[in-house]
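Let's walk through a protein model together, one piece at a time. Keep the picture open as you read.

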Amino acid sequence: MWRFLQKTTKNLTIAIPVMMAAGFAYGMSADASWIKGLIVPFTFLMVYPMMVTLKVKKVFEGGDGKAQVLTQLINFGIIPFLAFGFGSFFFADRPYMALGLLLAGLVPTSGMTISWTGFAKGNMSAAVKMTVIGLICGSLATPFFVKALMGTTIEINLMAVLKQILYIVFLPMTLGYATQRYLVGRYGQKMFQTAIGPKFPLLSTLGVLGIVFVALALKAKTIAAAPEVLINILVPLIILYGVNFTLSTMVGRCFLQRDNAIALVYGSVMRNLSIALAIAINAFGPQGSDAALVIAMAYIIQVQSAAWYVKFTDTLFGLPDELKSATLVDGKA
C-alpha cells in the first residue's frame, strides 16, 4: 500500500486527471449528491497528515531573513492581486471560478515547497520555514483577502470562512503537532524522521484525490454542457504560474544567493492547493464546486511546472557549490 501511495504521490500529474475523469464519469452516470458527505472526512485526511510532519520550531531559526521577507512580500503583496485580476478578466461572468483562482493564489507553500527545493539543491531549512510561515499567515489572511477583493461580487460570510480555516488548518495543526510529539516521545526522533513521519504526507494524497473526485462528480453535468470550460480554466492558470515563476526567479537572481533563491522560488510559487480546495468546498456550499474545479486543475499545472523548473535551476542560478568544487577538481585533473 505504501509503495502504491508513494508512486501515486510522485505521479500526481497522472493521478489527478485520472481521478477527475473518474469523478466526471460517476457524476454523469449516477446521482452524486450523496458524496457531499465525504467532503469532511476527505478534508481531514488531506490536511491532518501534512501537519504531523510540520517543523514549527524552524520558524525561530535565523540566517535567511532576507529570503523570508522577499518570499512573503511576493506571496501576500503581489500574487493574490494578480490572481484576483486574472480571475476578474477571465471569469467575469463566473465569480466562483474567479474565487477559485484567488484561493489558489492565497495560501502559499506546501510540502511540495520543501520537496522541490530539495530536488533543486536549494536551502531546505529556509524552505521549511517558508512553509510554516506561509501556511499560518495565509490561513489568517485568506478570509480578509477574499472579503476585501470579492465581497462586492459574491456573498461572503466572513465568520463562516474563519470557522472553516479553524477546522481545516488550526485544529489539524494542533492535533498533528500533538501526534508528532507523541510519536517522537515513543519511538525517538530518528525513527520518526526516517520511518514513521514520511508515511503521513502519503495519506494526504488520498484526501486530495478524494476531494478532486468529489469536485468533478458534483460539476460533471455542468462540464458536459460546456466542455470548453476546462480550456478556459487552464489559460489563466498557465499565465498565473508563468508570471509567478518569472517574477520569483528575477527576484531570487537579483537579491539572493543560489540556495536561498531556489527556496524563494518554490516558497512563492508552490501553493497549498489542498487547503484552498478544502476552503472552497467547505465554506461556499454547492457553488464552491466551481472554485474547487479551478483549484483541481491548478494541481496539474503546479506539479508539472515544478518538475520542469528543476531541470533549469542550474542554468538559471548556477551549479551548487559541491558540483562547482567537483568540476574544478576534474578540470585540474
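Contact here means heavy atoms within 4.5 Å. With that in hand, look at two helices, where a helix is a DSSP run of H or I at least four residues long, numbered from the N terminus. A126, A127 and M130 in α8 meet N260, A263, L264 and G267 in α13. Sorted by class, this contact has 5 nonpolar, 2 polar and no charged residues.

This is a predicted model, so local features need pLDDT of at least 70 and side-chain atom pairs count only at pLDDT 80 or more, while totals for chains, interfaces and linings use all residues. Residues are numbered from 1 along each chain as its sequence is written, and side-chain values use heavy atoms, with hydrogens and water left out.

How confident is the predictor? On pLDDT, its confidence in each residue from 0 to 100, the protein averages 86, and 95% of the residues score at least 70.

Finally, find L230 in helix α12 (residues 229-255). Leaving out residues up to four places away in sequence, L230 touches I223, L293 and M297. L230 and L12 are 218 residues apart in sequence and, C-alpha to C-alpha, 18 Å apart in space.

Key
Nonpolar A, V, L, I, M, F, W, Y, C, P; charged D, E, K, R; others polar. pLDDT = per-residue confidence, 0-100.
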